[in-house]
Amino acid sequence: MPAMRVTLGQLTAFEAVARLGSFSSAARELFVTQPAVSKKIRLLQEEVGLPLLEQVGKRIYLTEAGRLLLDVSRDWLETWARFEQSVADLQGLKQGRLRIAVVTTSKYFIPRVLGQFCERYPGIDVAMEVINRDRLLERLARNEDDLYIMGVPPANLDIDSEPLIGNPLVVVAPASHPLAKRSRIRFAELANQMFLLREHGSGTRIAIERVFEEKQTPLNVKMELGSNEAIKQAVAGGLGLAIMSRHAVTPLAGSNQIVELNVQGFPIKRHWYVVTPRGKQLSVVAQTFLEFLRTHIKLLEPA
């Protein structure tokens with residue numbers, strides 16, 4: 001069988017379509033036209049000799065050959081990216097692409113580190129996905145990014161994790177709440193309060209439920225909300241109390257709409273972690289960012 005003549009551009013287009021499930025989305029990510037992506041996929045399928053994708057309605061599915069090629073493509077593209085960045089590093093350059101995924105709460109501090117990093121290394125192109133924990137775990141399982149930032153590393157995935165910065169959880173209430181004027185509030189008194197929480201699967205919620213279970217204290221959930229901003233506004237509106245990362249509370253602190261309560265046992269001490277699949281060989285760019293992160297993130301430790 002003659003050797004296949006497959007190009008880097010074809011593999012890149014195929015991986016993007018397979019990952020995003022859309023030719024148009026892949027075209028936007030690659031900054032090319034949709035017909036250009038379709039042509040690359042067509043030529044790749046002709047070279048392989050088997051269909052790689054099939055479309056049912058508006059959805060795109062991988063064939064058996066497509067699933068095999070996707071694994072090969074990801075390994076090959078990652079190896080090539082490492083080679084390109086190693087060459088750039090040997091030339092004394094810091095350039096390339098950095099792809100990171102972070103859970104939504106970390107958006108309050110990670111962009112500040114990224115801003116300093118991009119200022120120092122203007123040649124590095126950064127793509128940051130700000131998503132909820134479930135979607136981040138999906139990306140982690142598929143090894144789609146260089147680094148992942150989250151509050152509770154998963155126990156069911158083969159990963160390496162490193163604590164970066166404190167992530168204290170605090171109890172917040174409307175400024176007009178009766179507990180706002182008290183000090184040394186007993187933990188047991190929280191059983192009488194209604195709480196606003198993130199959705200099931202959220203790292204913060206996992207930690208909260210664990211603490212209440214350890215204290216054998218009922219956790220009364222009045223409402224589930226999909227973002228920290230929504231929770232803060234609901235607390236300010238008097239709908240209940242919340243337990244949040246102090247990183248997330250700080251932006252509203254100056255408004256005097258919500259206050260941090262002095263509850264025994266709080267803040268709950270947690271950390272933010274940087275996570276990678278176990279044994280993953282980081283690119284030069286990813287390693288450069290990780291070292292920068294270790295050095296600079298301590299400056300953002302909440303009071």
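A search of the whole structure, a predicted model, finds 2 cavities of 30 Å³ or more. A cavity here is a set of points, on a 1 Å grid over the protein atoms alone, where a 1.4 Å probe fits but cannot get out. Local features need pLDDT of at least 70, side-chain atom pairs count only at pLDDT 80 or more, and totals for chains, interfaces and linings use all residues. Residues are numbered from 1 along each chain as its sequence is written, and side-chain values use heavy atoms, without hydrogens and water.

The largest cavity has a volume of about 140 Å³, a volume being the space filled by probe spheres set on the points. Its lining consists of 16 residues (those with an atom within 4 Å of a point). Val-103, Thr-105, Ser-202, Gly-203 and Thr-204 lie nearest the centre of this cavity. The lining has 4 nonpolar, 8 polar and 4 charged residues, with Gly counted as polar.

The second largest cavity holds about 60 Å³. Among the residues lining it are Leu-196, Thr-204, Ile-231 and Met-244. At least two lining residues come from each of β8 (194–197), α7 (203–214), α8 (228–236) and β10 (242–245); helices (H or I, at least four residues) and strands (E, at least two) are DSSP runs. By class, this lining divides into 7 nonpolar, 2 polar and 2 charged residues.

Helix α4 (residues 64–90) gives the most to the patch, with 3 residues. Leu-8 lies in helix α1 (residues 8–20) and counts as partly exposed because its relative accessibility is 32%, between the limits of under 20% for buried and over 50% for exposed (1.4 Å probe, protein chains only).

Definitions and conventions:
On a 1 Å grid over the protein atoms alone, a cavity is a set of points where a 1.4 Å probe fits but cannot get out, and a pocket is an open set with protein on both sides within 12 Å along at least five of seven lines; lining residues have an atom within 4 Å of a point.
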